[in-house]
Amino acid sequence: MKIVIVGPGAMGSLLAAFLSKSREEIWLLDKNAERAARIQESGIAVEGISGSWEAKIRVTSDPAQIKQADLVIFCVKSYHTKEAVSRAKPLVAENTKVLTLQNGIGNIEIIAESLGNERVIGGVTNLGATLLGPGKVRHAGKGETVIGRADGKISVELRSIRELFNKVGLEARISRDIKGLLWSKLIINAGINALTAITRLNNGRLIEFEGTRKILREAVTEAIRVAKRKRIKLIYDDPLAKVEAVCEATAGNVSSMLQDVLKKKPTEIDFINGVIVRQGQELGIPVPTNTFLLNLVKTIEASYKLAL
Ligand code: KPL
């Protein structure tokens, strides 16, 4: 199988390093030619819970060098999906499948619109990864990856992706309800990410302070209301307790949104709290806390140059 991972960020690098343990032909596609050459030369250095190890990997910025792939895995930030999909088009042949392991809601739709519904596989990963530099990644947390098709069908391709992940030591399973899974993860991100980005606190601190714990609960409660009205089946019996449990389990983590803010980069706010706000407004459900978080993070993004 020829597998291309699009995006050399934390998750893309960690996944490329793990998948290179398989016998498959693994490529990393990076839009930056100079960085691609450097990672190709140095390989990917992994440290953290799986030890310190290196993976040699094929890296390029030119899809024509890879030619057509069997599987393309998108690991870019959600606000880059559109651009990444159009760059990856030469990789996509009639039978190519495309897997998104990105945060937030909307990526499946963006990919399907351009490459066709049938080939798209959605996924959620709880793997913890922190980028330390180009080609350097910390494996920060163990966690399963769950994949599935929007139509709930369990196809041969889903099974072979699961086997592939399991073979290289990554827990993976298939779900018939990928929408429920994506929304369950969305609710976790809606409660944690923006609030950490605004307060610049680690995930665990959010539940230690009365003020942030209260805001987290309000944001999550609104998100649950929206999901319920949309008849989305969340995978947790008590989603609020789950979000607080994730804060505890990932207490030392710098959330992905806080990492973006610290690097003065755009954030995925539109694909997280932005989704709750848009859907809440459409359904007539009040979402004041998510609106407040959305507006504050948007202001932080827009004012990087002005901040003291
Ligand atoms: O997914 C995450 C993120 O940072 O994007 C959480 C679960 C909040 C862990 O940090």
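Reply: Happy to! Let's start with helix α7, which passes helix α8 in a right-handed crossing. Keep in mind that this is a predicted model.

α7 covers residues 178-199 and α8 covers residues 210-229. The two helices pack with their axes 9 Å apart, at an angle of about 150°. Angles over 145 degrees count as roughly antiparallel, so that is the word for how α7 lies relative to α8.

Which residues make this contact? On the α7 side you can find W183, I187, A190, G191, I192, L195 and T199. They meet T212, I215, L216, A219, V220, A223, I224, V226 and A227 in α8. Sorted by class, the residues of this contact are 13 nonpolar and 3 polar, with no charged ones.

Now follow the chain from α7 to α8. The loop between these two helices contains R200. This residue has a positive phi of about 60°, although R200 is not a glycine. You can look for another example at K264, whose phi is near 55°, again a positive value in a residue other than glycine. K264 lies in the loop between α10 (256-262) and α11 (273-283).

Back to α7, which has another helix to meet: α12, residues 288-302. The axes of α7 and α12 come within 10 Å and cross at roughly 40°. That angle makes α7 oblique to α12, and the crossing is left-handed. Here A190, A194, L195, A197 and I198 of α7 meet N290, L293, L296, V297 and I300 of α12. This contact has 9 nonpolar residues, 1 polar residue and no charged residues. Notice that A190 and L195 belong to the α12 contact and are also listed in the contact with α8.

L28 has V59 in β5 as its bridge partner.

Finally, there is an open sheet of 4 strands, ordered β4-β3-β10-β9, again with mixed pairing. Its edge strands are β4 (53-55) and β9 (128-133), each pairing on one side only. β9 and β10 (residues 136-141) run antiparallel and are joined by 5 bridges, and A129 stands opposite H139 in β10. Helix α1 (residues 10-19) packs on this sheet, touching β3 (44-48), β4, β9 and β10.

What about aromatic rings? The structure holds 1 aromatic pair. The rings of F18 and W53 have centres 5.1 Å apart and planes at 80°, so the pair is edge-to-face. Because F18 lies in α1 and W53 in β4, the pair ties together parts that are 35 residues apart in sequence.

Notes:
Residues are numbered from 1 along each chain as its sequence is written. This is a predicted model: local features need pLDDT of at least 70, side-chain atom pairs count only at pLDDT 80 or more; totals for chains, interfaces and linings use all residues. Side-chain values use heavy atoms; hydrogens and water are left out. Two strands pair if DSSP finds at least two bridges between them. Contact means heavy atoms within 4.5 Å. Axes are lines fitted to C-alpha atoms, for helices over the stretch in contact, and angles run from 0 to 180 degrees between N-to-C directions. Angles under 35 degrees count as roughly parallel, over 145 as roughly antiparallel, 65 to 115 as roughly perpendicular and the rest as oblique. A crossing is left-handed if the near helix is turned anticlockwise from the far one by less than a right angle, and right-handed if clockwise. Ala, Val, Leu, Ile, Met, Phe, Trp, Tyr, Cys and Pro count as nonpolar, Asp, Glu, Lys and Arg as charged, and the others, Gly among them, as polar. Rings of Phe, Tyr and Trp (its six-membered ring) pair if their centres lie within 6.5 Å; planes under 30 degrees apart count as stacked, over 60 as edge-to-face and the rest as tilted.
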